[in-house]
Amino acid sequence: ANNTAGLQGFPKYKVANIKDIQSSNCPVYFFTYPLTNEPCFIVDFSKLNNQTNVEFKNPYFGQFAINSKFPTIKGVGPKGSICAFSAICVHLGCQLPAQVLTSSPNLPGLNPASTILHCPCHGSMYKLDEGGIVVGGPAPRPLPIVLLEYDNTTGDIYAIGTNAPYFSKTRPTSNLIYDPNYSYQIPSNPACTSG
Ligand code: FES
């Protein structure tokens, strides 16, 4: 299949309501998209590191047809602070422990101040407030962003697509420890169990 056609065909799903995000101190909220076994997470930067009206360069701008409209990506919600990412590491597909940030703040995971999310498998590091760019480790490309739409009359938050495929074209096709068909465990919300 052609990736460009696939990206244009992404469905629009409601993934949360603003009350789900506002009702906890946790800056992370898990959902699945576009398939029910593909973990993604919302991050509210206003809670993570006090950023509002977030806007960053789209690292994949110009590479896929769908994001030719999006040279930058902006946070949604009342504070413009809500973004979402795939929780699947683009290296070999490990699940990223976004929920680590408050349940185990001193362990490798998401560093709130730097917004760097570490993959526990081989150490890839993604900087979330710069659009998921790779700042360390073997990941071959940025962490895909889930594009969001916010309805300010209902507070509903929708996923409407992604800025890139979740898996690398170059990924190994044999001897995978973590395979795209791996059965991910989707954390329940609220994702953070302690502050
Ligand atoms: Fe994440 Fe290898 S799977 S660094």
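**A guided tour of the predicted model**

Residues 24 or more positions apart account for 59% of the contacts in the protein with a separation of 6 or more, a contact being two residues whose C-beta atoms, placed from the backbone, lie within 7 Å. The model is predicted: local features need pLDDT of at least 70, side-chain atom pairs count only at pLDDT 80 or more, and totals for chains, interfaces and linings use all residues. Numbering starts from 1 along each chain, as its sequence is written.

**Whole protein**

Begin with a cartoon view, which shows four helices and twelve strands; these are DSSP runs numbered from the N terminus, helices being H or I with at least four residues and strands E with at least two. Of the 195 residues, 41% count as buried, that is, with 20 or more other C-beta atoms (placed from the backbone) within 10 Å of their own; exposed residues have 12 or fewer, and partly exposed ones lie in between.

Next, colour by pLDDT, the predictor's confidence in each residue from 0 to 100. The average is 82, and 78% of the residues score at least 70. Where pLDDT is low, the predicted coordinates should not be read in detail. The model scores ipTM 0.99 and pTM 0.87.

**The six-stranded sheet**

Select the strands E1, E12, E11, E6, E3 and E2, which form an open antiparallel sheet in that order; two strands pair if DSSP finds at least two bridges between them. Strand E1 (13-17) and strand E2 (28-32) stand at the edges with a single partner strand each, so one side of each has no neighbour in the sheet. From one strand to the next, the twist averages 35°, taken between N-to-C directions on a scale of 0 to 180 degrees, with axes as lines fitted to C-alpha atoms (for helices, over the stretch in contact).

Move to E2 and E3, which a hairpin joins through six residues. Five bridges link this antiparallel pair, and Val28 stands opposite Val43 in E3. Six of the six residues of E3 are buried: Pro39, Phe41 and Val43 on one side, and Cys40, Ile42 and Asp44 on the other. E3 also pairs with E6 in the antiparallel sense over five bridges, where Asp44 stands opposite Ile82.

Continue to strand E11 (residues 145-150), joined to E6 by two bridges in an antiparallel arrangement. Here Ala84 faces Val146.

**The nonpolar core**

Now select Phe41, Ile42, Ala84 and Phe85, which touch the most other members of the largest nonpolar core, a set of 45 residues. Such a core consists of buried Ala, Val, Leu, Ile, Met, Phe, Trp, Tyr and Cys residues joined through C-beta atoms within 7 Å. Elements that each supply at least two of its residues include strand E3 (39-44), helix H3 (45-48) and strand E12 (156-162). Centre on Ala84: beyond four places in sequence, its contacts include Cys40, Leu148 and Ala159.

**The four-stranded sheet**

Finally, select E7, E8, E9 and E10, an open antiparallel sheet in that order. Its edge strands are E7 (110-111) and E10 (133-136), each pairing on one side only. Strand E9 (residues 125-127) pairs with E10 over three bridges, and Tyr126 stands opposite Val134. Five residues lie between these strands in their hairpin, where Gly131 takes a positive phi near 80°.
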